[in-house]
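My entries follow in the order I took them.

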Amino acid sequence: APPHIDYEVNLKHTEDVPAEKIVGVFGEIGVQAEAAEYVLAKLKERGEGVVAQCPKAACEKVAKAFTDIGLDAEARKIEVPASDYDGSDVMVLDEPNLMVHASQPGGLLVAFTAPWCTHCKSMEPELKKAATALKASGVKVAAVDTQRSRALAAGFGVRMLPTIMWLQ
């Protein structure tokens, strides 16, 4: 079983730290350069944001790597809100759980959504029906909250919502 994801790293942007150093830390934690640059651009735009979700010890290590280069980073416990998919056959996934399920046989239909997206909300009942119908054939259906898993969505090139992908 994958480790329990119960912490996240919140990072505050500053112009005092060169982008190359920040991208370097992202590289150390396994984020590809293109995805790291995208996350960094969003971080500059917003001023701060969640850049990792992981078990407590790993998030503390990631936060320390960012503070070591001069950024304000905090590892904090994730407050998991109730999901609109609770009680259905749709799995709510984040990193690394998505990769674990995507690597298993049968394929994975993934909907990248956000709680504020009206199109995502209108798709919800149909996604639940699809999950139940596809379950019998071994196909899993998952939803990724892009607001909670920004780096993951960026890594998959998600630019519009909802975005649906087939992973196998």
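I started with F66, which is buried at a relative accessible area of 0%; buried means under 20% relative accessible area, exposed over 50% and partly exposed in between, with a 1.4 Å probe and protein chains only. I note that this is a predicted model, in which local features need pLDDT of at least 70 and side-chain atom pairs count only at pLDDT 80 or more, while totals for chains, interfaces and linings use all residues. Residues are numbered from 1 along each chain as its sequence is written, and side-chain values use heavy atoms, with hydrogens and water left out.

Ring pairs came next. I counted two aromatic pairs, taking rings of Phe, Tyr and Trp (its six-membered ring) with centres within 6.5 Å, where planes under 30 degrees apart are stacked, over 60 edge-to-face and the rest tilted. F26 and F66 make an edge-to-face pair, at 5.2 Å centre to centre with 65° between the planes. F26 sits in helix α1 and F66 in helix α3, 40 residues apart; helices (H or I, at least four residues) and strands (E, at least two) are DSSP runs numbered from the N terminus. F26 is buried too, with a relative accessible area of 1%.

The other pair, F112 with F156, is tilted, at 5.7 Å and 45°. F112 lies in strand β5 and F156 in the loop between α6 and β7, 44 residues apart. I found F112 buried at 0%, but F156 partly exposed at 23%.

I then looked up the nonpolar cores, which are sets of buried Ala, Val, Leu, Ile, Met, Phe, Trp, Tyr and Cys residues joined through side-chain atoms within 4.5 Å. The largest has 23 residues, and V9, L11, I22, F26, V51 and F66 have the most contacts inside it. Helix α3 gives the largest share, five residues. Apart from this core lies another of 12 residues, including L108 and V144.

Which strand does β1 pair with? Strand β1 (residues 7–12) runs antiparallel to β2, joined by six bridges; I count strands as paired if DSSP finds at least two bridges. L11 stands opposite G49. Beyond four places in sequence, the contacts of L11 (heavy atoms within 4.5 Å) include L43, V51 and F66. Six of the seven residues of β2 are buried, so this strand is largely enclosed by the rest of the structure.

Last, I checked cysteines. C117 is buried at 5% and C120 at 3%. I counted zero disulfides, a disulfide being a pair of cysteine sulfur atoms within 2.5 Å.
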